[in-house]
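Welcome! Try each task before you read its solution.

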Amino acid sequence: MAKTVNKVILLGNVGKDPEIRATAGGSFVASFSLATTDRSKDQSGNWTDRTEWHNLVAFQRTAEIIRDYVKKGSKLYVEGKIQTRSWDDKTTGEKKYRTEIIVNDIALLSGRGEGGEGGGYSSGSSYGQSGGYGRGGSSSGYDQRGPSGSDDLVGSTEITDDDIPF
């Protein structure tokens, strides 16, 4: 049988504060929406934005991190898989469907005061990593700005062709 892949990578902003629930067994479940935007030119040459909303669900330790650090406006990097659930509506009896992203890994990209509470934290929940989360848990969360918050890279020396190893 041929190999298949179900992998989603999203980089976007949280639409509203996550909803957190606890299962009967005491595990946490976080549900929230994430907006991604594509920008393109229309036929008149004007830029238009098209926003796509994604429904995300996270479980266990990742849900706890979302509960503690994610709020409306937070910028997130998410890896997961697509899953569609179906159920029968109790009032109408019709079949309902919901497509969701099941979160495997998450990195909080917002800095403090930018919609998130801890820029640079990563759940580290995928690829067999353990130990929860911590500063610099993923390379995408490493802050390379100088101590004054400037946009200069640390060690403001200019890079030349001689510095590039290939």
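**Exercise 1.** How many bridges join E4 to strand E6 (residues 95-108), and do the two run parallel or antiparallel?

*Solution.* Before you start, note that this is a predicted model, in which local features need pLDDT of at least 70 and side-chain atom pairs count only at pLDDT 80 or more, while totals for chains, interfaces and linings use all residues. Residues are numbered from 1 along each chain as its sequence is written, and side-chain values use heavy atoms, with hydrogens and water left out.

Step 1: two strands pair if DSSP finds at least two bridges between them. Step 2: E4 and E6 are joined by 2 bridges and run parallel. Step 3: to find the place, look for Val57, which stands opposite Ile102 in E6.

**Exercise 2.** Describe the pairing of strand E3 with strand E4.

*Solution.* Step 1: locate E3 at residues 28-41 and E4 at residues 47-59. Step 2: these strands run antiparallel, with 13 bridges joining them. Step 3: Lys41 is found opposite Trp47 in E4. Step 4: the two strands form a hairpin with 5 residues between them, and Gly45 in the turn has a positive phi of about 90°.

**Exercise 3.** Which residues of helix H1 (residues 60-69) are buried?

*Solution.* Step 1: buried means under 20% relative accessible area, exposed over 50%, and partly exposed in between (1.4 Å probe, protein chains only). Step 2: in H1, the buried residues are Thr62, Ala63, Ile65, Ile66 and Tyr69. Step 3: they lie on the same side of H1, because they cover an arc of only 160° around the axis, taken from the directions from the helix axis to the C-beta atoms. Step 4: these buried residues pack against strand E2 (19-22), E3, E4 and E6, where contact means heavy atoms within 4.5 Å.

**Exercise 4.** Is Ser74 buried or exposed?

*Solution.* Step 1: find Ser74 in the loop between H1 and strand E5 (75-88). Step 2: Ser74 has a relative accessible area of 2%, so this residue is buried. Step 3: the Ser74 side chain reaches the backbone oxygen of Lys71 at 2.9 Å.

Notes. Helices (H or I, at least four residues) and strands (E, at least two) are DSSP runs, numbered from the N terminus. A polar contact is a pair of N or O atoms within 3.5 Å; within protein, one must be able to donate a hydrogen and the other to accept it, and residues adjacent in sequence count only if both atoms are side-chain atoms.
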